[in-house]
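Here are my notes on this one, jotted down as I went through it. Have a look at the fold first, then read on.

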Amino acid sequence: VAYTFPSDGRFKYNVNEEDVKGLDFIKRLRPVVYNFDAKKFDEFLIKDMPEEARKARLEGRDYTSLSAMRQSGFIAQEVEQAMKESGYDFNGVHVPVNDKDNYSVAYDEFVVPLIKGSQEQQKIIEQQHKAIEELKKQNDAMQQELEELIQKKRSKQ
């Protein structure tokens with residue numbers, strides 16, 4: 001099931017597209033492939049439970065397949081750093097509020113800066129295309145002048 005979130009323009013205010021970082025933010029990200037230590041994470045989550053409850057929770061659990069699975073993504077602390085460096089108030093990273101909390105990443109939130117980055121790249125591509133077309137015209141004009149000069153020189157000989 002696809003996740004949906006209220007996005008009705010009637011309920012939005014203080015809307016500003018300039019605050020969305022695109023390429024500056026995206027270029028700072030480091031996509032990685034990794035294994036996630038599910039047992040270590042589970043132990044972190046239950047560290048404050050009574051000993052009996054922790055043992056009961058961990059007893060008989062096999063983390064082998066979970067930890068063996070290769071995953072793709074980001075390291076949340078690095079995304080947080082990219083946010084800071086680019087000056088982007090990005091809501092795709094949850095930063096721990098205390099020592100019992102953990103970092104997490106909301107991958108769906110990356111869609112907006114990716115689209116912004118794509119728009120920025122498209123603008124660059126269009127500017128480059130325009131510059132290339134102008135250079136082609138200049139080149140054609142210079143080629144024409146050169147051919148005319150060669151023709152004049154030949155006709156004088």
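1. Start with Y88. This is a predicted model, and in it Y88 has a relative accessibility of 10%, so the residue counts as buried; the cut-off for that label is under 20%.

2. F90 goes the same way: with 3% relative accessibility, F90 is also classed as buried.

3. How many aromatic pairs turn up when the whole structure is searched? The search gives nine. Y88 and F90 make a tilted pair, because their ring centres sit 5.4 Å apart and their planes meet at 35 degrees. For the label, tilted covers what is left between stacked (under 30 degrees) and edge-to-face (over 60).

4. Now for N14. Is N14 buried or exposed? With a relative accessibility of 74%, N14 counts as exposed, given that the label needs over 50%. N14 sits in the segment ahead of helix 1, which spans 23–26. From N14 to L29 is 15 residues along the chain, and their C-alpha atoms are 27 Å apart.

5. On secondary structure, I get six helices and four strands. Their order along the sequence is α-β-α-α-α-β-α-β-β-α. The chain is more spread out than a compact globule, because its radius of gyration is 28 Å, well over the 15 Å that the globule rule gives for 157 residues.

6. The box tells you about the extent too: along the principal axes, the C-alpha atoms fill roughly 105 × 45 × 30 Å.

7. What share of the contacts with a separation of 6 or more comes from residues 24 or more positions apart? The figure is 71%.

8. Last, the surface and the charges. The chain's accessible surface is about 12900 Å², and carbon and sulfur atoms account for 53% of that. There are 25 positive and 29 negative side chains, with 6 Å between the centres of the two sets.

Technical notes. Residues numbered from 1 in each chain as written. Predicted model: local features only at pLDDT ≥ 70, side-chain atom pairs only at ≥ 80, totals over all residues. Heavy atoms only, no water. Phe/Tyr/Trp six-rings, centres within 6.5 Å; stacked < 30°, edge-to-face > 60°. Buried < 20%, exposed > 50% of the residue type's maximum accessible area, 1.4 Å probe, protein only. Helix = DSSP H or I, 4+ residues; strand = E, 2+ residues; numbered from the N terminus. Rg over C-alpha atoms; globule rule 2.2 N^0.38 Å. Contact = heavy atoms within 4.5 Å. Areas by Shrake-Rupley, 256 points an atom, 1.4 Å probe, with all protein chains shown as cover. Lys, Arg positive; Asp, Glu negative; His and termini not counted. Charge placed at Lys NZ, Arg CZ, Asp CG, Glu CD.
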